[in-house]
Structures are given as structure tokens and as C-alpha cells.
2 protein chains.
Amino acid sequence: MLSTRGYAAMTAKAALQPFVFERRDLGPHDVLIAITHCGICHTDIHQARDEWGGSIFPMVPGHEIVGTITQIGSAVRQFSIGETAGVGCFVDSCRTCSACREGLEQYCEAGMLLTYSGRDKDGKPTQGGYSTQIVVDENYVLRIPSALSPAGTAPLLCAGITTYSPLRHWGVGKYHKLAVVGLGGLGHMAVKIANALGTEVTVLSTSERKRKDADRLGAFDFAITSQPETFTRLQRRFDFILDTVSAPHDYNAYVNLLRTDGTMILVGAPDKPTPLAPFPLILHRRSIAGSVIGGIRETQEMLDFCATHKIESDIELIPIQQVNEAYERVLRGDVRFRFVIDLESMK
Amino acid sequence: MLSTRGYAAMTAKAALQPFVFERRDLGPHDVLIAITHCGICHTDIHQARDEWGGSIFPMVPGHEIVGTITQIGSAVRQFSIGETAGVGCFVDSCRTCSACREGLEQYCEAGMLLTYSGRDKDGKPTQGGYSTQIVVDENYVLRIPSALSPAGTAPLLCAGITTYSPLRHWGVGKYHKLAVVGLGGLGHMAVKIANALGTEVTVLSTSERKRKDADRLGAFDFAITSQPETFTRLQRRFDFILDTVSAPHDYNAYVNLLRTDGTMILVGAPDKPTPLAPFPLILHRRSIAGSVIGGIRETQEMLDFCATHKIESDIELIPIQQVNEAYERVLRGDVRFRFVIDLESMK
């Protein structure tokens with residue numbers, strides 16, 4: 001077994017603290033990655049505090065992992081020692097259901113094996129990227145293009161693919177008008193990716209403070225959602241809305257901003273149901289859909305797309321000793337736009 | 001002006017009563033239809049009782065109209081005197097917006113002109129098919145194929161197209177599994193049409209009494225929605241759900257019956273918002289969509305499709321003097337599956 005150091009939540013109420021645990025020895029298809037960077041996703045906080053239920057403790061969070069391959073199993077064919085590699089939100093799946101066979105492992109019928117707070121085949125809990133190293137089957141590892149910096153790439157493994165996948169699935173592109181709701185970790189990636197796809201992007205935010213950021217990121221328009229005028233001015237304007245907000249908000253107001261046949265795609269997940277009025281859907285054949293991350297093939301495609309278009313996440317690099325403070329700042333929306341832990345700080 | 005007899009709600013609280021009113025003289029593009037049959041749609045009741053707001057009184061309801069053309073305007077080219085013709089939920093639209101130009105008049109940006117309780121260009125309220133005759137621009141009139149009976153065809157103009165249009169728009173066909181929620185006027189048409197499209201249909205109903213009907217209509221399966229077991233047995237089973245129910249119900253329970261990438265289509269419209277949980281959408285990339293009736297071109301296509309497949313509505317023919325009693329029976333769900341008024345009774 002491989003002794004590994006990380007930061008863990010020992011219980012749902014606890015701050016994260018140093019924690020030593022074991023990774024499995026490499027199987028023939030495994031690679032060992034020395035982690036250099038790991039992004040902090042809002043999901044980490046939900047999970048570390050057991051806000052969605054089902055969390056497993058002690059828990060080492062982190063599913064936006066980049067590092068260097070330092071060892072490979074005897075049968076590994078896709079990776080070599082020394083390569084920069086990434087791991088996202090899952091590290092395995094059943095591999096046999098129709099979703100897995102189509103490369104949609106995120107919709108695996110047996111459920112994907114989450115990178116942390118999952119239960120591996122041997123029954124042991126998985127542990128995430130706030131740690132020095134990770135052992136992962138090569139089929140669930142991503143290649144990080146050399147044009148991308150490891151730190152700015154880590155958040156692509158969750159925030160990037162979460163926004164890229166629905167934009168591609170629904171064919172968002174040139175000639176479309178897209179609203180991005182919320183300009184946080186997910187939202188700022190959505191603006192960058194949609195821009196690269198040639199889409200006209202409007203940022204809808206609760207906060208006037210985000211106007212400059214929206215401008216700088218290349219948004220075509222910006223509107224404040226606390227002003228009722230926004231919802232009259234932009235009525236029936238958008239082909240698509242990508243909703244990244246995980247706090248409860250009124251879906252119906254946003255649905256009315258869609259054109260006929262428009263689709264609002266939820267990637268943020270409020271933990272409580274939101275009242276949905278059927279008429280705004282019915283009278284304009286609109287849809288509300290959801291989407292979660294992406295499969296391995298599509299995540300690799302996203303990384304290559306980002307390399308081509310020079311897209312990285314805007315980040316604030318922190319030592320792991322500041323993780324609890326970073327959590328508080330994420331909850332206050334005080335981050336532009338993603339904290340990334342520099343695992344050098346664990347040495 | 002053409003003096004016309006019908007039945008009207010004089011106010012939102014009133015029972016329908018005999019009413020004499022005037023239709024416009026024929027313009028060059030108008031046809032005059034002597035109405036022989038008019039279906040009773042649940043919407044008629046909502047509107048006659050002003051349950052959705054905005055109703056105009058006195059109101060002659062009725063938007064499932066079939067009759068015989070008895071007079072045509074000087075420029076009419078598509079219809080001849082003596083032909084059997086139909087009128088559905090709208091009698092005009094702006095004709096210039098992109099929706100109208102695409103034949104999607106039901107999504108007209110200026111709003112379609114409703115067959116009744118609408119406001120015509122001259123400011124006068126439109127009046128519906130519980131009456132002896134109607135004047136309509138030929139571009140908003142349907143041709144009734146001779147293979148179809150006028151009485152059994154009247155409900156196709158609303159219940160038929162309301163279910164046909166989304167089934168076609170979303171490409172429901174062979175190899176798909178469809179659940180139809182609610183076996184009333186809309187639901188029984190959905191079963192017939194989906195059967196003709198080669199789809200495997202499951203009827204979901206609150207009422208065990210509907211099991212035999214579902215069987216007779218050709219449904220593959222039937223399940224009672226008041227039994228929790230239904231929602232475990234059928235979990236992730238359907239590619240599509242067509243929800244025809246206009247009473248409030250738990251959308252989330254139904255969403256969980258969809259496969260990954262499945263779509264639940266609302267054509268019934270509860271007048272109150274329903275709590276929507278985002279996770280069931282997000283975790284399987286499911287959608288909830290809405291759809292309303294269909295355009296003129298698609299309605300004609302539906303009528304021709306029904307003629308080919310020998311599809312009519314199951315009806316109970318009544319004289320207009322029984323319309324108030326019929327309303328009460330509709331509200332009790334005591335109709336298999338559509339009341340159609342025989343306008344002979346007005347003579």
C-alpha cells in the first residue's frame with residue numbers, strides 16, 4: 001500500500017485537517033500520479049459537510065486533479081512516466097452498460113465511481129485530490145496538453161467539462177444567443193468556452209461587481225438579475241440558458257427569457273425543489289434540462305479544445321494549509337474564479 | 001353581418017345558455033362553415049370559468065370544429081362549397097414573424113388569434129364552435145379527409161394535434177418506450193397516435209378503471225400512479241413521457257421514470273407551479289419540455305395521418321342542450337373520451 005498525505009474532513013462538521021491514508025498498490029492497468037494541483041469545487045464543500053447526504057468520512061475531497069505520472073502498471077499502454085495527467089470527478093464505472101459503452105460514463109447505469117466519497121470495488125472509500133498522490137486506472141485518466149498550465153487546467157476537469165459538455169450536446173454555436181446565469185467557477189468557464197464556439201454570450205448575475213469580469217471574459221452583454229427590468233428587456237431573447245447557480249432561484253423568470261424552442265440547462269444544483277410553472281414551457285415549446293460533467297472521451301476532447309483556444313481557468317493558487325479559509329471565501333463568492341491548491345505545500 | 005346562434009357563458013360563474021351573436025361578412029379570403037360538430041375540450045371549461053384569467057364574456061367556447069363549407073370569398077382558392085372543413089384552436093396569426101413563416105403559427109410572436117376569447121383585428125371578440133356557423137380565413141381552415149367521420153374527427157383539431165405535434169417534434173417512433181400520463185381526451189389520442197407510430201406505450205393513470213380502456217386502445221402496459229410500486233418498477237424505463245394531466249402532480253416522480261437523455265413533455269397545464277428537483281434532471285441529462293397544439297401545416301398532416309391509420313377520437317355525441325351537464329361530467333372524469341356536440345340540435 002502507498003502511504004499518502006492529504007487533508008480530510010473527519011466528520012461533516014469538522015474543518016479539514018492533515019490526514020494520512022493508504023492508496024492501493026498499482027494493478028496492471030493503474031497509473032500513479034504525483035499530484036501537483038487540485039481545484040476546489042463547490043461540490044467539495046457540499047460533500048465535506050454532507051449537505052447532499054451519503055458522504056463517507058474521513059473524506060479527502062478534490063476532483064480537479066493534475067499531476068505527473070510517476071509509476072505505471074505492467075499493462076498500461078496509454079501513458080508513460082513523466083507525462084502530465086489529470087483526473088476528474090470519477091475514477092471508474094461499470095464499463096458494460098450502454099452509457100459506458102457510448103463513452104457516457106457519467107451516466108453509468110450502475111453509477112460512476114466518484115473520485116472521493118465513493119465506494120471502490122473492494123469496499124474501501126475513494127479519496128480525492130487534496131493529497132500527494134493518487135492511483136487510477138489508465139482508462140479514467142486524462143492527458144493534459146502541453147500548451148496548458150497544470151494549475152489553470154485543474155478546474156477544467158470539473159468546471160470546464162461541466163459547461164463544455166452541455167454546450168456541445170445541445171449544439172450551441174455560432175448564431176446562437178446564450179445566457180450564462182452566475183459568474184463563478186462554472187460560469188466563467190462557460191463564457192470562455194461559448195466565446196470560443198462563436199456564441200453570443202450574456203452574463204446574468206446578482207452582482208454588479210461581476211460586470212467588469214464579464215466584459216474582460218468577452219461577454220457580449222451583462223444584466224443584473226435583481227433588477228426586474230432585466231426580465232422584460234431580455235424576454236424571449238436566448239436560444240439557450242446555462243444555469244450554473246446552486247442557490248435556489250426562480251426558474252420561471254429565466255424560462256421566459258428563452259425563445260420558442262429554447263432550452264435552459266441546469267448544471268448548478270440547488271438542494272431544494274424550485275416551483276416550475278408549466279405554461280412558460282408549453283406556450284413556447286421550451287425545455288428545462290440538466291447535465292452533469294462529461295465522459296472520459298469528451299473530457300479529453302474538452303482539454304484539447306481548451307489547448308487549441310488557449311482556455312484555462314482564472315485561478316487563485318493557495319497552499320493547502322489555507323483550504324478551510326478558501327472554503328469560507330467560496331461560500332461568500334469571494335474568488336475569481338477558482339481556488340487551486342498547490343500541492344508543493346504538502347512537501 | 002351573419003346572425004349566428006350558439007351557447008355562451010355570459011359571465012365566469014354562469015352556466016352556458018342560448019346566445020345570438022353576429023359573425024363578420026365574408027372577406028375575399030374567408031369561408032363560411034356550417035358547423036356540424038364541436039368537441040368539448042377541458043380548456044373550454046377553464047376559459048368559460050376564467051380560471052386562467054383574461055377570458056372575454058359573453059363567450060361562445062369551442063375549438064374542435066367540423067362542418068361544411070357553405071360560402072366562400074371571392075379570392076378563396078383552397079376550398080370549395082360543399083367540402084368538409086375543420087377549425088382548431090386559432091383562426092389567425094401575424095403571418096410575418098419567423099414562427100408563422102415556419103408554419104408554427106401556434107408560437108406566433110404576436111400571439112395566435114384564439115378561436116374564441118380572442119380579440120380580432122377589428123377589436124371584436126372571437127367566438128367559438130358551440131354555434132351554428134363560423135367565418136374563417138381559408139389559411140386557417142383544415143381539410144377533413146373523407147375517410148374520417150366528422151364527429152370523431154372534431155376532437156382531433158385540439159386533442160389530436162396536441163399529442164401528435166410533440167410526438168413528431170421529438171421524433172418518437174419505433175424502438176422508443178413512451179409513457180402517457182392520464183387517459184382522458186388527450187391521453188387516449190396519444191395512445192392511438194403513438195401506436196400508429198410503432199411506439200411501445202405504457203399508460204399511467206390514477207384510476208384502475210382505465211386499465212381496460214388502455215388495453216382496448218392498444219397500450220403495451222398499464223400502471224396505477226397511486227401505487228408507489230409503479231415508480232420503482234418503471235424507474236428509468238421510458239425514452240419519453242407525454243404528460244396530459246392538468247391537475248397538479250409530482251413531476252419529479254415521473255422524471256425518475258425517464259432513461260438518460262429522456263424527455264418528459266407537458267401538454268396538460270396545471271394552473272399552479274409544481275416543485276421541480278434539479279438532481280433527477282442533472283444526473284441523467286433528462287429534460288422537461290412543453291408543447292402546445294400545432295401549426296396549420298402540421299394539423300393537416302395529422303388529419304391525413306389519422307385518415308391513413310383510421311384514427312378517430314372515441315366520443316360521446318350530445319345535443320348542445322346538455323353542454324352544462326357534460327362540463328360537470330368532464331370535471332368528474334366521466335367521459336370516454338370526448339364529448340362532441342351535435343349541432344343538429346341547434347336547428
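I started at the interface: chain B and chain A bury about 3,000 Å² between them, 64% of it on carbon and sulfur atoms. Buried area here is the accessible area (1.4 Å probe) that two parts lose on being put together, summed over both. I then asked which residues supply the area on the chain B side; B:Tyr107, B:Ile282 and B:Arg285 give 24% of what chain B buries against chain A, more than any other three residues. The contact takes 36 residues from chain A and 36 residues from chain B; contact means heavy atoms within 4.5 Å.

I noted the ground rules. This is a predicted model, where local features need pLDDT of at least 70 and side-chain atom pairs count only at pLDDT 80 or more, while totals for chains, interfaces and linings use all residues. Residues are numbered from 1 along each chain as its sequence is written, chains are lettered from A in the order in which they are written, and side-chain values use heavy atoms, with hydrogens and water left out.

I found eleven helices and 18 strands (DSSP runs: H or I of at least four residues for helices, E of at least two for strands). The C-alpha atoms fill a box of roughly 60 × 40 × 35 Å along the principal axes. I checked burial: 61% of the 347 residues of chain A are buried, meaning under 20% relative accessible area (1.4 Å probe, protein chains only). I also looked at contacts between residues at least 6 apart in sequence; in chain A, 67% of them join residues at least 24 apart.

Notes: Buried < 20%, exposed > 50% of the residue type's maximum accessible area, 1.4 Å probe, protein only.
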